[in-house]
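Subject: Structure handover

Hello,

Please find the structure below. My notes on what was found in it follow.

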Amino acid sequence: MRQPLVAGNWKMNGSKAFVAELLMGIKASSGGIQATELAVCAPFPYLYLLEELLAGTPIRYGAQDVAFENDGAFTGQVSVKMLKDFGCHYVIIGHSERRQFNAETDAMIARKYAQAIANELTPILCVGESLTERQQGQTEAIVARHLDAVIELNGVDALAKGVIAYEPVWAIGTGLTATPEQAQEVHAFLRTRIAAHSQPVASQVRILYGGSMKSNNALELIMQPDIDGGLIGGASLKADEFLAICQAGDAAVKATAV
Ligand SMILES: O=C(CO)COP(=O)(O)O
């Protein structure tokens, strides 16, 4: 089994006080998590707090977006180098909320991916279909398009330097989770598609599930053979709930080891 990763995506939530309290809560109880990797992805202004408060802990952190250029006249943008400067390990790329509200295209996302790996920042590439696309039987075509754009620009080996997150748009923040079978089906599809280019990369790359993952459904999702953890929105804003999902990662490792 690949090492599970449970990553929080705080989205546009928080304040200095909230972030400090949440991190204290996570730190206080994260010692019990053995086999699962933990990470949190915060809004840019709070990265300095993560650098300060997570120093010396195994908890990794990152941002939720990055520019596809290195530096220069790009007002409002934040570069990979800047994220590295604050000790970021991860960056979420191509989240559906950015595709939807910030008009991010597959081409832009592929370039962001390139910037991240060129500077040794680990991208978490989000792919996923909308409800209409699922209802029209387009799920595989959509996630294939999202994945292929990154492979075309960066080559398949670049996928081994990142993480993929399957996030069905209809399950994000709706309380409607994909069933373990629905999620596994898409995860297996993605892995098979990668295997067509490279079997070693397909076996190695972690594919997370995201979309209303909570402590009460995490275990059955992470127990699926091609689901390697979660990208958690709402439930990552509560330390207890987030840690309970991380514990599900540990439980999945334990269950598959016997
Ligand atoms: O978008 C998500 C993580 O990136 C999932 O959000 P929710 O867990 O709130 O559904």
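Helix α1 (residues 16-29) packs against helix α11 (residues 239-257), with an angle of about 40 degrees between them and their axes 9 Å apart. That angle makes α1 oblique to α11, and the crossing of the two is right-handed. On the α1 side the contact is made by L22, G25, I26 and S29, and on the α11 side by A239, F242 and L243. Sorted by class, the residues of this contact are five nonpolar, two polar and no charged.

Please keep in mind that this is a predicted model.

For the chain as a whole, the secondary structure comes to 11 helices and eight strands. The radius of gyration is 17 Å, close to the 18 Å that the globule rule gives for 258 residues, so the chain is as compact as a globular protein of that length. The C-alpha trace spans about 50 × 45 × 35 Å along its principal axes.

Two further helix pairs share helix α7.

From α5, the residues in the contact are D106, A107, I109, A110, R111, Y113, A114 and I117; from α7 they are R145, H146, A149, V150, L153 and N154. By class, this contact has nine nonpolar, two polar and three charged residues.

The second pair is α7 (residues 139-154) with helix α8 (residues 180-195), which pack at an angle of about 45 degrees with their axes 10 Å apart.

Last, the ligand. Which residues come nearest to the ligand? Of the 14 residues around the ligand, they are N9, I172, G210, G233 and G234. By class, the shell around the ligand has five nonpolar, eight polar and one charged residues.

Regards

Methods:
Residues are numbered from 1 along each chain as its sequence is written. This is a predicted model: local features need pLDDT of at least 70, side-chain atom pairs count only at pLDDT 80 or more; totals for chains, interfaces and linings use all residues. A residue is near a molecule or strand if its C-beta atom, placed from the backbone, lies within 6 Å of it. Ala, Val, Leu, Ile, Met, Phe, Trp, Tyr, Cys and Pro count as nonpolar, Asp, Glu, Lys and Arg as charged, and the others, Gly among them, as polar. Axes are lines fitted to C-alpha atoms, for helices over the stretch in contact, and angles run from 0 to 180 degrees between N-to-C directions. Helices (H or I, at least four residues) and strands (E, at least two) are DSSP runs, numbered from the N terminus. The radius of gyration is taken over C-alpha atoms; the globule rule is 2.2 Å times the number of residues to the power 0.38. Two residues are in contact if their C-beta atoms, placed from the backbone, lie within 7 Å. Angles under 35 degrees count as roughly parallel, over 145 as roughly antiparallel, 65 to 115 as roughly perpendicular and the rest as oblique. A crossing is left-handed if the near helix is turned anticlockwise from the far one by less than a right angle, and right-handed if clockwise.
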